[in-house]
Amino acid sequence: MMSSSATSSSSPFSSTSTFSSSKFKFKFPSLSQRSSLLTVESRAKPSTACSSTIRDASGQIRHCSLSRRRGLAFTATLPFLFPLHEFVGNGGAKAIESGQREYLRIKEEISKVVTKGKAAGVLRLVFHDAGTFEMAENSGGMNGSIVYELERPENAGLKKSLKVLEKAKKEVDAIQPVSWADMIAVGGAEAVSVCGGPKIPVALGRLDSAEPDPEGKLPQESLDASGLKQSFQRKGFSTQELVALSGAHTLGSKGFGSPVAFDNSYFKILMEKPWKSSAGMSSMIGLPSDHAIVEDDECLRWITKYSDNQNIFFEDFKNAYIKLVNSGARWKSM
């Protein structure tokens with residue numbers, strides 16, 4: 001869903017474990033690191049059970065049971081949501097405090113490099129890394145594989161955003177190594193926050209993939225509303241979550257209000273359908289997918305709700321984002 005017209009250099013990746021250019025260098029997992037990944041138990045395949053709190057079209061909240069995989073992800077998030085004494089005894093407090101220190105260290109380093117002007121690109125990294133997830137195949141997802149996929153046409157412009165996060169990652173790695181998957185997940189949350197959006201807690205412990213995800217798994221910009229809903233359903237997301245996550249397009253150069261303000265302008269402008277006007281640059285606002293969802297009755301109900309109430313949008317975006325960055329993740333063993 002997140003896209004860019006920006007271009008990037010076409011430097012191909014080599015088959016070695018290090019990618020370099022005249023501008024920057026990424027260190028990919030060594031062969032020994034890749035082998036060690038095989039010893040880590042993969043998370044269970046997702047079930048059809050609902051995996052998050054969902055708000056229905058009337059605004060009521062429904063609580064659904066968690067699948068095993070989502071339940072583990074939610075449990076991992078708890079240290080950042082509740083006081084320590086509410087869910088652990090003294091024996092586990094030190095470990096959790098250590099995890100909190102790591103989380104705060106990552107946030108601090110990211111805040112030094114992710115400015116409002118760079119926020120849209122960093123948030124787009126999240127969508128393009130996690131957006132490859134497919135439930136039926138239990139493949140793709142939030143696994144840092146984007147570092148191998150920068151040469152793909154749909155990822156044009158993302159080298160710059162990854163380079164931004166690499167600066168912060170070097171500082172964190174000097175104290176305690178952090179995966180690209182964790183770095184990107186926290187980076188996207190900080191990008192939203194620095195632009196005035198909701199504060200989003202992110203669990204840590206994701207493992208990086210040792211290879212790129214399959215191609216052709218991102219939702220296509222040219223899809224109509226029905227195609228978009230089917231694509232998101234295959235990834236475990238409802239129509240409401242599709243619309244909430246589409247609100248990320250409020251950042252950047254797509255014409256939805258200020259390019260550096262995370263608010264509900266996206267939905268307000270969608271309701272006006274300015275691209276139908278032949279005047280000036282109005283016809284250039286948004287992507288075909290943006291134009292499509294406002295013509296769909298089910299999507300329109302959520303667009304209207306978020307246009308009327310920014311707080312509801314913020315809450316639903318936060319929940320959908322947490323679900324997105326946990327999609328397909330493989331976690332360090334506890």
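**Entry 1: terms and confidence**

I take buried to mean under 20% relative accessible area and exposed to mean over 50%, with partly exposed in between (1.4 Å probe, protein chains only). This is a predicted model, in which I read local features only at pLDDT of at least 70 and side-chain atom pairs only at pLDDT 80 or more, while totals for chains, interfaces and linings use all residues. Residues are numbered from 1 along each chain as its sequence is written, and side-chain values use heavy atoms, with hydrogens and water left out.

I looked up the pLDDT (the predictor's confidence in each residue, from 0 to 100) and found a chain mean of 79, with 69% of the residues at 70 or more. Over residues 2–54 the value is below 50, and this stretch has 112 contacts in the model beyond near neighbours in sequence, a contact being heavy atoms within 4.5 Å. A further stretch, residues 60–91, also stays under 50 in pLDDT, and I note 68 contacts for it beyond four places in sequence. Where pLDDT is low, the predicted coordinates should not be read in detail.

**Entry 2: the chain as a whole**

I count twelve helices and four strands in the chain, taken as DSSP runs numbered from the N terminus (helices H or I, at least four residues; strands E, at least two). The chain has 334 residues, of which 52% count as buried. When I looked at contacts with a separation of 6 or more, I found that 69% of them join residues 24 or more positions apart.

**Entry 3: the cavity**

I searched the whole structure for cavities of 30 Å³ or more and found one. A cavity here is a set of points on a 1 Å grid over the protein atoms alone where a 1.4 Å probe fits but cannot get out, and lining residues have an atom within 4 Å of a point. The largest cavity has a volume of about 120 Å³, and of the 14 residues that line it, F127, G131, F232, K235 and L324 are the closest to its centre. The volume is the space filled by probe spheres set on the grid points, which are joined across faces, edges and corners.

Helix α4 (residues 116–130) gives the largest share of this lining, namely three residues. By class I record ten nonpolar, three polar and one charged residue in the lining, where Asp, Glu, Lys and Arg are charged, Ala, Val, Leu, Ile, Met, Phe, Trp, Tyr, Cys and Pro are nonpolar, and the others, Gly among them, are polar.

**Entry 4: K217 and helix α7**

I then went to K217, which is placed in the loop between α6 (180–194) and α7 (225–234). Is K217 buried or exposed? K217 counts as buried because its relative accessible area is 19%. Leaving out residues up to four places away in sequence, I find K217 touching G131, T132, E134, E137 and K235; of these, G131 and K235 are also among the residues closest to the centre of the largest cavity.

In α7 I list A225, G227, L228, K229, S231 and F232 as the buried residues, and these pack against α8, α10 and α11. G236 follows α7, with a positive phi near 90 degrees.

**Entry 5: helices α8 and α9**

Helix α8 (239–246) is mostly covered, with eight of its eight residues buried; these are T239, Q240, E241, L242, V243, A244, L245 and S246. For α9 (residues 265–272) my list of buried residues is S265, Y266, F267, I269 and L270. Which helices do the buried residues of α9 pack against? I find α8, α10 (288–293), α11 (297–308) and α12 (310–326).

**Entry 6: loop residues**

K273 follows α9 and lies in the loop between α9 and α10. Its phi is near 50 degrees, a positive value in a residue other than glycine, and I class K273 as partly exposed because its relative accessibility is 24%. M284 has its place in the loop between α9 and α10, and M284 counts as exposed because its relative accessible area is 60%. The C-alpha atom of M284 is separated by 8.0 Å from that of K254, 30 residues apart along the chain.

My last entry is N138, in the loop between α4 and α5 (158–173), where phi is again positive, near 50 degrees, in a residue other than glycine. Most residues other than glycine have a negative phi. N138 is partly exposed, since its relative accessible area is 26%.

Key: 1 Å grid on protein atoms, 1.4 Å probe; cavity = no way out; pocket = protein on both sides within 12 Å on 5 of 7 lines; lining within 4 Å.
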